Number of protein chains: 4
Amino acid sequence: MIKVSVIGAKGRMGGNVVNAVTQADDTELALALDAGDDLTQVNPDNTDVAVEFTVPSVSLDNVLALIGQGVDVVVGTTGWTDEKLDQVRAALAAAPRKDQAVFIAPNFAISAVLADYFAGLAARYFESAEVVELHHPNKVDAPSGTAIHTAHTIADARRAAGLGPMPDATETDGGSRGQVIDGVHVHAVRLRGLNAHEEVLLGNAGEQLTIRADSFDRGSFMPGVLLAVRSVSAHPGLTIGLDKFLDL
Amino acid sequence: MIKVSVIGAKGRMGGNVVNAVTQADDTELALALDAGDDLTQVNPDNTDVAVEFTVPSVSLDNVLALIGQGVDVVVGTTGWTDEKLDQVRAALAAAPRKDQAVFIAPNFAISAVLADYFAGLAARYFESAEVVELHHPNKVDAPSGTAIHTAHTIADARRAAGLGPMPDATETDGGSRGQVIDGVHVHAVRLRGLNAHEEVLLGNAGEQLTIRADSFDRGSFMPGVLLAVRSVSAHPGLTIGLDKFLDL
Amino acid sequence: MIKVSVIGAKGRMGGNVVNAVTQADDTELALALDAGDDLTQVNPDNTDVAVEFTVPSVSLDNVLALIGQGVDVVVGTTGWTDEKLDQVRAALAAAPRKDQAVFIAPNFAISAVLADYFAGLAARYFESAEVVELHHPNKVDAPSGTAIHTAHTIADARRAAGLGPMPDATETDGGSRGQVIDGVHVHAVRLRGLNAHEEVLLGNAGEQLTIRADSFDRGSFMPGVLLAVRSVSAHPGLTIGLDKFLDL
Amino acid sequence: MIKVSVIGAKGRMGGNVVNAVTQADDTELALALDAGDDLTQVNPDNTDVAVEFTVPSVSLDNVLALIGQGVDVVVGTTGWTDEKLDQVRAALAAAPRKDQAVFIAPNFAISAVLADYFAGLAARYFESAEVVELHHPNKVDAPSGTAIHTAHTIADARRAAGLGPMPDATETDGGSRGQVIDGVHVHAVRLRGLNAHEEVLLGNAGEQLTIRADSFDRGSFMPGVLLAVRSVSAHPGLTIGLDKFLDL
C-alpha cells in the first residue's frame, strides 16, 4: 500500500484525490491537509507520496516544504515557470535523500496526454492536420493550452520529417479557418454541456485518421493522478508531463 | 417510367445523372445532350423531365428554351440571382401548359438538406449552437455556402423563439473561435481526403445533440436528383430547395 | 412565476429538479416533499404544477392523489403500464376541474427526444439505417429502451414509405452485426466514463447522415423537465412523450 | 527515382498503383503487366521494385518468379497462409542477391495501421475498450479482418499489463452487445455510402479516447503503397505489416 497525503484536500480537485486514493486497492489516505494546516505533519513515517493540488500562489512553497520533509511529491497545481521549476530542482539536489522525486503535470487526463502523443507520431504520415478543441462556455481563454501544445507537437513532427505547408487553396475567408498556430489550424468550439474535449484530424488522399480525447468531468484526472502516485518514486529528480510515466 | 433527358450529359455531374437515370427502376434516359446540341430535340413526346447540369453562363438560356419546349425541368447548375429567377417565373407564367414546373436546388445531397432542416427545428431548444464544416483543401471559399445557410437557419430559429446570445466567456482569442455569422460561430476545416461535410453541434447543460452530413463523392447528389425528377411535375411553377420535396 | 412542488425531493432526480426549479427565472419552488410527507399539503393555492420523481411502486398512487388535489402533474417516474395509464385517464375524467393535466415522459433529455424524432423523419430517404447506443458499464439491460424505440421509429417510417429490407450481403458473422429489432440493426457499447448516448447512422450512395444525442449527466434532463412544467397546463388530459411539447 | 513495375496493372488496385507511381516525385513507372504477360521482362535493369496486386490463386507464383528475377517485391494481394509465406522465405534464402526483399501487407491504409497500433499502446491505460467497424453493405464477412486484428491487439496489451475483464453489468441482451473476440466486444455496421472505417473506443471514469480510421476509397491505400515502395529495399528478407515501415 502506498501511503498518500493530500495537500489542498478541501479543494475540488483535492477532494477528488482523497476519494480516489481511498478507493484504489493499492493506495491509502494518510493525511488530508488544507490551507492553514501544518505541512511538517507530513513525513516519511506516515507518507510515501504527497499530492499537491492547491493554487499557484502557494504551490511552490508547499512543494519545497514537502521536499524538506523527505517525501515524494505529485503536483497538479498549474502556473509553473522555468524559474519556479529551477527552485524545485535545486531543492531536490540539496535534499538528503538522493532518490527523492517530484512530478509536475499540466494535464492528468490520460486520454488527452495520449491524444497529443499519438498526434505527434502520426503527423509525419499525413498531408493535412488540424485541431478542434471543444469546451464549456465559461472558459475564458481560447484555444486551450492543450490544443496549443498539440499544434506544436504536430508542427514539430512535420518539420522533423521535412514536410512542407499543408494543402489549402482558401482564397476568401472571414475567419472561419480558425487560428494558425505554428502552421496548424486550430478551432475552438464553446458549447453548454461540454467539459474539455480535443479532436485531431489527419488526412491523406482517400483516408482520415481522427484522434479524440473527451474529459467529461474532474474525475477524468484521477486515473492519471493514481498513475503518477504509483510511478513517481521510481523516477528520482524532477519529472514533467504524464507521458513520461506512460509506457509508450 | 419517367422519361428523362440530360442537358450537360458530358459534364461530371451530368454523366452521373445519366448513370443514375439509367439504373433507377422508374426512370429511363431519353436524350443525352451537351454543348452544341440542339435543345429543340427535347419535347413532350420524348421527355417528361429535363435535368440541366451545365454552367451558370448558359443555364438560364437552357432553362428558358426547355420551358418553351413544354417539358418540366430540374436544374442543378448554380449561380442563380433573383433577376434570373424572375425570368424563369415570367417564362413559366407565359407557358402554354399551365402546370409546367421548374425546380432549382443549391444542394442535392439529401443528408445536407436534412441536416440544415433539423438544425432549424432543434435550435430553439438549446443554449448553444455552432457549425463546423469540413472540405477538401482545393476549395477556394470558406466557410461553405451550406454552412453559411445553416448559420442563418439557426439564428432565425433562435430569434423566432426569443433566445438571446449564446453563452461565451471567451476573453482572449487569436482567431480560434472562428467566424461569427448572424451570431453563430462557424468553423471551416480543410483536410486532404475529405469531400464535403457539415456538423451542427447543439448543447444544453448536461446534453449535446450533433447532426452531421457527409457527402463522400458526387454520387451523393443522385438520390436527391432522382427525388427531384420524381417530384417536379407535381409542383407547378418554380420551386427552390430540395426540402420542398421532402415530406417533413 | 409557476409555483412548482417536487414529490421525491430527496431522490437524485428530485434533488436536481429542486435546483432547476429554484434557478429558472419563471419557476419557483413551492413544496419539497419526500416519502412519508403528506401530499394533501399540495393544493392549487400553493402549487401550479407538481413534479413527481419517485419509484414505480408508489408513483401511481401519488399521481392519483395529486389529481385529487386539483394540481397539474409532470411525472418522471418510469414503469407505466397501459393499465396504470388508464387509471390516470379515469381519474382525470372524474376530476372536478375539466382542464386538469398530467404529463408522463419516458425520457426528458431533449437531445434524445429530438434524435428519435429526426430519425423518423429522415429514415424514408435513406437505403440504410442502424442504431448504436453507448452507456456506462453498470447498465443491466441492452440495448437501451431508447434505442429500441428508435429502431421501431425507423422501421415504421420505412414501412410507411414502402421501403424494403436494407442492403446487407453479410454471409458470415459471429454476432458482430448486433441485434435486429424490427429489421433495424442495433448495437450496444458499454464503456466506463460514458453516461447515455445514442447515434443513428443513415446512408445512401455517397452520403451519410448521423444524428447523435449525448446525455452526459442527470442534469441533462432538467431542460426537458422545465419545458414540461411550462407546457403541461396548456394540454388538458393525459399527454405522453416530450415530443408532444416540442414545436416540431 | 525508384523504377517500379506493376503486376496486375489492369486490376482496380493495380490501376491505382500505376497512377500513384506515375504521379509521385520519386517514383517512375517501368512496366505495367497483367495476366498473360511474361514476368521475365521484369529485371534489375528496368525495375527496382515490383508491386504485385493480383489474386490469391496466382500471387505466390508471381512473387516466386519476381524473386527469381532479382527484384524486390511489394505485395498487396491477400490470402497468404503460413505455408505460402514459408515458400517466400525459402526463395529469398536461395536468392543469389543476399539483400533481396519482399514486403507483404494485409492493409496499406496508413490510418488503419496507425489506429491499430495506437489501440495497442493505449489499451493498458483504460478500463474499457470496444471496437466498432463500419463498411459498405456489399461486404460478405463480418466483422472485418482489421477489426478482428485490433481486438487481439487490445486483448494482448491488456494481458501484458495484467488487466482483468472489462466492467460490464449486462444481464439481458438479445445480441446488441456484439461479438466478443478475445474478450473485446466488436460491433459491425453495414451502411450504404460507407467504404471501410474502424473506431476504437477506450474509457476510464470521466474520460474517453476515440481513435478512428476512415478509408473513403481505394486511393486511401496509395500513400501506404508508396511508403512500402520507398522502404522495402532497406529491409532484406520477408517483412509483414506496414507498421514495420512506420517510424513509431
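Me: OK, so a strand here is a DSSP run of E, at least two residues, numbered from the N terminus. Which strand is E198(B) found in?
Reply: E198(B) sits in strand 9 of chain B. Bear in mind that this is a predicted model.

Me: Is E198(B) buried or exposed?
Reply: E198(B) is buried, and it has no salt bridge. The nearest side chain of opposite charge belongs to K139(B), 10 Å away.

Me: What does its side chain make a polar contact with, then?
Reply: The side chain of T150(B), at 2.8 Å. A polar atom of the E198(B) side chain also lies 3.2 Å from the backbone nitrogen of A147(B).

Me: And what else is E198(B) in contact with, leaving aside neighbours within four places in sequence?
Reply: Both T150(B) and A147(B) are on that list, and others include V131(B), E133(B), I211(B) and R212(B).

Me: Switching topic: how many residues does each chain bring to the contact between B and A?
Reply: Chain B gives 43 residues and chain A gives 43 residues. The area buried between them is about 3,100 Å², with carbon and sulfur atoms giving 56% of that.

Me: Which residues in chain B lose the most area to chain A?
Reply: S176(B), L191(B) and R192(B), together 20% of what that side buries.

Me: What does R192(B) form a salt bridge with?
Reply: With E127(A), where the closest N and O atoms are 2.9 Å apart. Across the interface there are 2 salt bridges, plus 26 residue pairs in polar contact.

Me: Which elements give two or more residues to chain B's side?
Reply: Strands 6, 8, 9 and 10 of chain B. The residues on that side divide into 17 nonpolar, 15 polar and 11 charged.

Key: Residues numbered from 1 in each chain as written. Chains lettered and ligands numbered in written order. Predicted model: local features only at pLDDT ≥ 70, side-chain atom pairs only at ≥ 80, totals over all residues. Heavy atoms only, no water. Contact = heavy atoms within 4.5 Å. Buried area = accessible area lost by both parts, 1.4 Å probe. Salt bridge = Lys/Arg side-chain N within 4 Å of Asp/Glu carboxyl O. Polar contact = N/O pair within 3.5 Å; in protein donor to acceptor, adjacent residues only side chain to side chain. Helix = DSSP H or I, 4+ residues; strand = E, 2+ residues; numbered from the N terminus. Nonpolar A, V, L, I, M, F, W, Y, C, P; charged D, E, K, R; others polar. Buried < 20%, exposed > 50% of the residue type's maximum accessible area, 1.4 Å probe, protein only. Lys, Arg positive; Asp, Glu negative; His and termini not counted.
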